[in-house]
Amino acid sequence: MEIASFSPGRGSTGPRAWLRTDAPAQVFDGRWRFRVWPGLRHAASDPTDADDDGWSDIEVPGHWNLQGHGRPSYTNVRMPFPLDPPHPPDENPIGDYRLDFVPDAAVLAHRRRLLRFDGIESAAEVCLNGVLLGTTRGSRLTHEFDVSDALRDGENRLAVRVAQFSDASYLEDQDMWWLPGIFRSVTLLARPDGGIDDIFCVADYDAATGQGHLDIRVTSTRRAQVLIPALRVDAVAAGRVAVGKVTPWSAEEPFLYDAEVRTTCESVRLRLGFRRVEVCDTVLHLNGRPLMLRGVNRHEHRPEHGRVFDRTVARDELVLMKRHNINAVRTSHYPPHPEVIELADELGLYLIDECDLETHGFASVAWRNNPSDDPRWREAFLDRIRRTVHRDKNHASVLFWSLGNEAGTGLNLEAMARWVKEFDPSRLVHYEGDRSSRYVDVYSRMYASHDEVRQIGEETLRPAPHDATAAELHRRTLPFIQCEFAHAMGNGPGGVAEYWDLFERYSRIAGGFVWEWIEHGIAVTGDDGRRRILYGGDFGEQVHDGNFVIDGLVSVDREPRPGLLHYAAVIAPVQLAVGPRRDEVEVVNRYDFLDLSHLVVRWRRTVDGKDVASSVIDVKAHPRTSTTVALPETAREPHRFDVADVLTVEAALSADTEWAVAGHIVSSGQDVRTAVPARPVATGAATADTAGPARFDAITGDLIELAGLPVDGLKVGIWRAPVDNDRFRGSDEWDRPSYADRWHEAGYDRMQLRLIAREVTDQAVILRLRAAPPIFDEAIDTVLRWTPVEEGTVVLDASFEPRGTWSVEWARLGLDLTIDAVPLGVDIAGRGPMPSMPDNDAAARFGWWRLDAHELIVDHVRPQENGARLEVRQATIRTSAGAVRLSTLDRPFALTTAPWGRQAIASARHHFELESDGRTHISIDLLQAGVGTATCGPGVLPRYRIPAQAASISLLIGRG
């Protein structure tokens, strides 16, 4: 087996479209025989060996290292073996697959037959009945072999030898698990004489006339007809065919026409969407209208099965995207299973269909010997893009062909782009790696800062410099896309709303894609029967990138993380804003093609948790326009309230769709008016160790009981358990340590509290404290005044005054309290129901939310700070020993309630390592810093950072 070459695989037939045909086929998915060798030198010389020693059963499609044969490993950029192209390492598992089968009679009835592999990682040698058919390169690409002469009636033996690593691995360093094996289907295809070998159909739409045209090319030895019953088309399938007025396809209205291309021997079914994508005056257009891409990057992943496809799972996740206002997917960083493309056509999602190509490992050596610019690799590069384009060329959802990802620059990429433009000028070419954009149709970037995005949006509004190069002049004519602009790792990402404001402001900017859709952890079952999610390094890898693979908007089980909910609100195609006098609602229609007739817009007024009025309002707005709609008097007439008077406006689907039922909320907006409660009159007497329901240690002054509950606290906190973004240096601060390191070096995680003085008056206990980190001379002078008021309640007035020079911003400022009882849940009047952070909070609406224990925190695979609910006015914290009630008398606060403390969170590597200590850990924060997106991109925006500052809050506390 040859596994060190610069060439593409050999022996397979030319690439063609993946077609739905009535020709016979036999799928070989199921149980195969399998054995694995530690390396090629150890492997048997005959991969078809009939001896059953060493063989066992394995499931195909599947990855062998997820089926008990070896272990998975994860790297992002760094290669797991030396950069010595084209040679893989000697320690390189080799898997032998063997299948004995009898061909179906229907397949044997045809003289010509093909054997199709839809995905093998990373290189394979294929033999049938001892005949070498050829080899494969391109793990996520289709390869077909002509087995007409090798196939026989009766028993056949198919043998496939697969190398985990090969020369192809240098081109497939794609920030994901290395998962070898036959992981997509294997199919035996009958090819009828005079059948249809290939189709390339461009369904074009002229927005000016509403007319559709087919440019159709069929590969067959016989004449083919194309039939589109809905358009009454029955024509020879050759060249350009006019079809008359058509309904165009878009993600908002994914209208497809059922079509059939047939000869006398074979019929192929197509679903055609008529549309035209183009660039007009630096603006991306679809069907004559400017287009905004509200996108995500999507890997194929299932926690138990890796990249093995399941149509139900795939459909469910695309539906979930649609429900969260996502309209575009970049198929990072390879073509997905072909049925995903079909689903995108059907459900309505725009695709950047990316080639199976990434040479990112060469960045570790300053791109020396990068295959992208090495002519010896040229045919391998061209083979990959040809297989990508040919397979998916008949699908309306594919608007862009992407040359690959993070492969540097070079002549081979340029050759790929040139071939694509010649073969399929109906689509645009994308590639982010070449910032000069010499051979692409869109200017694409990753993680450009907010300020740079603004500059890019504005640069086409002014003349180019007189000394601009030809490449610079070309780049200025292109639309701008952020193919990755926020990194959804852990509790984040922050700064998304600020990016989207820029995207909407400048017509040149065509949107962006969050990295990424799913956290691709690996699920294992421990000896105790518990399911655990693991990441890089958990399988003993020598080279790995840890939990960087856990960076999705949904969990491994496709459960939405808070980041997805907030992203959905930011990109919502309808924006609703209540006027300051509640007499009107501003409605901004950000749909590119739809008016608002498919939505019902309703307002609802809620006073102190009870709905008091509501009605539907009539809203009309054409795509990309705004309007103002009057609200009735009942929305604003005087109404007494103690906590809040909230007006919520929601836009919901009026009828069922393919992806959601009627009533699904697309967007919402609010006007919140809060009350400032009257300060209760002091009525109780204070003693040295008691202030109403608050009891203190007679010696230290520590709070030991509150509202009848044993407690440990109150402590001043300015540190948080680092979130993933805190552990990385942002692109705006490469020259500084990460915030997690800065906080640790500054001692914020080890704050010490000193009692300066305790004063007791007839009406209050006053504790004067100094909270300070070790080593340095900064401090926060804190005054806690406890004043008993009505029976069983106490007012806590807390003030904080920083002293000294603080060189590092705070993570937060608040009071930490631990109740010696198990948390049962929280009831709040504040923003929720999901957790939020100050720069990642768009979906959080003010309401009266009841949260059970399992809803308090998010089970991030790597534990980190989370669970805060913002702008809380009232809260009841329920524990196994009773409840305590908090109400603000002035400013709102952020409330975090968890079954474990911050030090436990910070020291744990996995969520499953966290064990409840039987206590309820509470933080009442006056200030919180944002989270940014420093894992990739800029850190926290200045407006969301917390320099040392004075603050105060007054709380009413009692038994719940």
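Analyst: A residue is called buried here when its relative accessible area is under 20%, exposed when it is over 50%, and partly exposed in between, with a 1.4 Å probe and protein chains only. This model is predicted: local features need pLDDT of at least 70, side-chain atom pairs count only at pLDDT 80 or more, and totals for chains, interfaces and linings use all residues. Residues are numbered from 1 along each chain as its sequence is written, and side-chain values use heavy atoms, leaving out hydrogens and water.

User: Thanks! Why is H299 called buried?

Analyst: Its relative accessibility is 1%, which is under 20%, so H299 counts as buried. You will find H299 in the loop between β26 (293–297) and α2 (311–323). Helices (H or I, at least four residues) and strands (E, at least two) are DSSP runs, numbered from the N terminus.

User: What makes the link between H299 and Y334 a polar contact?

Analyst: The term needs a pair of N or O atoms within 3.5 Å; within protein, one must be able to donate a hydrogen and the other to accept it, and residues adjacent in sequence count only if both atoms are side-chain atoms. The side chains of H299 and Y334 are joined at 3.0 Å, so this pair is within the limit. The H299 side chain also reaches the backbone oxygen of S332, at 3.4 Å.

User: Which other residues is H299 in contact with?

Analyst: Contact means heavy atoms within 4.5 Å. Leaving aside neighbours within four places in sequence, the partners of H299 include Q174, D175, M176, H333, W515 and E516.

User: How do you know that β26 pairs with β33?

Analyst: Two strands pair if DSSP finds at least two bridges between them. There are 4 bridges between β26 and β33 (residues 509–514), so they qualify as a pair, and they run parallel. G295 faces F513 of β33. On to β27 (residues 328–330): 3 bridges join this strand to β26, again parallel, and N297 stands opposite R330.

User: What is the handedness of the unit made by β26, α2 and β27?

Analyst: These elements make a right-handed β-α-β unit. That word applies if, with the strands pointing away from the viewer, the path from the first strand over the helix to the second runs clockwise.

User: What makes β26 a mostly covered strand?

Analyst: 5 of its 5 residues are buried. L293, G295 and N297 point one way, while R294 and V296 point the other way.

User: Why is helix α3 described as largely enclosed?

Analyst: 9 of the 10 residues of α3 (residues 338–347) are buried, so the rest of the structure largely encloses this helix. Among the buried ones are P338, V340, I341 and L347. The elements they pack against include α2, β28 (350–354) and α4 (378–392). Just after α3, G348 takes a positive phi of about 95°.

User: Where is L813, and is it buried or exposed?

Analyst: L813 is in strand β52 (residues 812–819). Its relative accessible area is 0%, which is under 20%, so L813 is buried. L813 and L927 are 114 residues apart in sequence, yet their C-alpha atoms are 5.0 Å apart in space. Residues that L813 touches include V716, I780, F800 and L927.

User: How do you know that L914 is buried?

Analyst: Its relative accessible area of 10% is under 20%, so L914 is buried as well. L914 lies in the loop between α11 (902–907) and β59 (920–928) and touches residues including P863 and W900.
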